[in-house]
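Subject: Structure handover

Hello,

Please find the structure below, followed by notes on what was found in it.

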Amino acid sequence: MANEATLMIETHRPIPFTVADGTGIEKGTILKMTDPMTASAQDGKEDIIAGIAAAEKIASDGVTKLAVYRGGIFKVICSGSITVGDALISSAAGTNYVETAGVNAEDIFGIALETATDGETLLVELGPRTCNLA
């Protein structure tokens, strides 16, 4: 898969999330979360992050659980300019891209451990968080 998130340092064990049987998910896909504790591929800016797929899920294989990392150090693709220490969100640039969170961002992907520019890879500490600003 192009642009997959790559685990560099495992700091947390993956946990099971529900996934749709008919959907294929590549290992290393950044996943968004819906209720109840269900994951699917991230596809928009500031999705609520479930984590990163720890394994491949083959479409229509009868499996409805997938191991998902909610912590760890990963190499991901940058959209725009990111500075070390920036809070990050999922990006509208495409699946598996992250960008710097704005001042009012509510759904954080993690923290940048390096500085990078558009299209470069960088190390991030995965730490999905949601803070309701409204």
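This is a predicted model: local features need pLDDT of at least 70, side-chain atom pairs count only at pLDDT 80 or more; totals for chains, interfaces and linings use all residues.

Residues are numbered from 1 along each chain as its sequence is written, and side-chain values use heavy atoms, with hydrogens and water left out.

T95 sits in the loop between β8 and β9. Strands are DSSP runs (E, at least two residues), numbered from the N terminus. T95 counts as partly exposed because its relative accessibility is 35%; buried means under 20% relative accessible area, exposed over 50%, and partly exposed in between, with a 1.4 Å probe and protein chains only. K45 is 50 residues away from T95 in sequence, and the C-alpha to C-alpha distance between them is 9.7 Å.

S91 belongs to the loop between β8 (87-90) and β9 (97-100). S91 has a relative accessible area of 1%, so it is buried. Among the residues that S91 touches, not counting those up to four places away in sequence, are Q42, G44, K45 and Y97. Its side chain also makes a polar contact with the side chain of S79, at 3.4 Å. A polar contact is a pair of N or O atoms within 3.5 Å; within protein, one must be able to donate a hydrogen and the other to accept it, and residues adjacent in sequence count only if both atoms are side-chain atoms.

Now the strands around this loop. β8 and β9 run antiparallel and are joined by three bridges; two strands pair if DSSP finds at least two bridges between them. I89 has E99 in β9 as its bridge partner. The hairpin of β8 and β9 has six residues between the strands, and G94 there takes a positive phi near 145°. β8 also pairs with β10, in the antiparallel sense, over two bridges. There, L88 is partnered by G110 of β10.

The largest nonpolar core has 18 residues, and F74, V76, F109 and L122 have the most contacts inside it. β5 (49-53), β7 (72-78), β10 (107-112) and β11 (121-130) each supply at least two residues of this core. A second, separate core has nine residues, including F17, A39, A50 and V68. A nonpolar core is a set of buried Ala, Val, Leu, Ile, Met, Phe, Trp, Tyr and Cys residues joined through side-chain atoms within 4.5 Å.

Regards

Notes:
Helices (H or I, at least four residues) and strands (E, at least two) are DSSP runs, numbered from the N terminus. Contact means heavy atoms within 4.5 Å.
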